[in-house]
Amino acid sequence: MAILLDPSAVLAAADAADLNHRAAVSWFERVDEPLLLGVLGLAELDVLLQRELGAAATHAVLDSVVAGSIRL
């Protein structure tokens with residue numbers, strides 16, 4: 001079964017200052033299902049990452065998409 005990601009979960013995993021950072025990172029380390037991100041979710045995530053962490057964070061997510069770790 002595939003898992004549809006919520007942008008806030010990805011943001012929490014990326015942002016060490018987020019209150020849910022450790023839980024999000026732990027979940028991503030354990031999950032063994034295909035990860036999906038809707039294109040509108042990707043757009044929302046881009047805005048959130050740019051605002052909170054900058055371009056490098058957005059590039060890291062795009063690298064995950066290109067590598068196939070996250071599917072659109």
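Threonine 58 has a relative accessibility of 8% and therefore counts as buried, the cut-off being under 20%. The model in which this residue is described is a predicted one. Threonine 58 belongs to helix 4, which covers residues 55-67. The points below place this residue within the protein and then turn to other parts of the fold.

**Threonine 58 and its contacts**

- Leaving aside residues up to four places away in sequence, threonine 58 touches Asp46, Leu49 and Gln50.
- Helix 3 comprises residues 39-52.
- Isoleucine 70 lies 12 residues from threonine 58 in sequence, and their C-alpha atoms are 13 Å apart in space.

**Overall fold**

- The protein contains four helices and three strands.
- Read from the N terminus, the order of these elements is β-α-α-β-α-α-β.
- The radius of gyration is 11 Å, close to the 11 Å given by the globule rule for 72 residues, so the protein is as compact as a globular protein of that length.
- Along the principal axes, the C-alpha atoms fill a box of roughly 30 × 25 × 20 Å.
- Of the contacts between residues at least 6 apart in sequence, 59% join residues that are at least 24 apart.

- The three strands make up an open sheet with parallel pairing, in the order 1-2-3.
- Strand 1 and strand 2 (residues 35-36) run parallel and are joined by two bridges.
- Leucine 4 has leucine 36 as its bridge partner in strand 2.

**Isoleucine 70 in strand 3**

- Isoleucine 70 is located in strand 3, which spans residues 70-71.
- Its relative accessibility is 9%, so isoleucine 70 counts as buried under the 20% cut-off.
- Beyond residues up to four places away in sequence, isoleucine 70 touches Leu5, Leu35, Leu36, Leu37, Ser64 and Val65.
- Two of these contacts, Leu35 and Leu36, are the residues that form strand 2.

**Helix 1 and its packing**

- Helix 1 runs over residues 7-14, and its buried residues are Pro7, Val10, Leu11, Ala12 and Ala13.
- These buried residues pack against helix 2 (21-30), helix 3 and helix 4.
- An α-helix has 3.6 residues a turn, so residues three or four places apart point the same way.

**Glycine 54 in the loop**

- Glycine 54 sits in the loop that lies between helix 3 and helix 4.
- With a relative accessibility of 19%, glycine 54 counts as buried, because the cut-off is under 20%.
- Glycine 54 and alanine 12 are separated by 42 residues in sequence and by 14 Å in space, C-alpha to C-alpha.

**Surface and charge**

- Buried residues account for 29% of the 72 residues in the protein.
- The protein exposes about 4,700 Å², and 59% of this area is supplied by carbon and sulfur atoms.
- The protein has 4 positive and 10 negative charges, and the mean positions of the two groups are 5 Å apart.

How values were computed
Residues are numbered from 1 along each chain as its sequence is written. This is a predicted model: local features need pLDDT of at least 70, side-chain atom pairs count only at pLDDT 80 or more; totals for chains, interfaces and linings use all residues. Side-chain values use heavy atoms; hydrogens and water are left out. The radius of gyration is taken over C-alpha atoms; the globule rule is 2.2 Å times the number of residues to the power 0.38. Buried means under 20% relative accessible area, exposed over 50%, partly exposed in between (1.4 Å probe, protein chains only). Contact means heavy atoms within 4.5 Å. Accessible areas come from the Shrake-Rupley method with a 1.4 Å probe; for residues, only the protein chains shown count as cover. Lys and Arg count as positive and Asp and Glu as negative; His and the chain ends are not counted. The place of a charge is taken as NZ of Lys, CZ of Arg, CG of Asp or CD of Glu. Two strands pair if DSSP finds at least two bridges between them.
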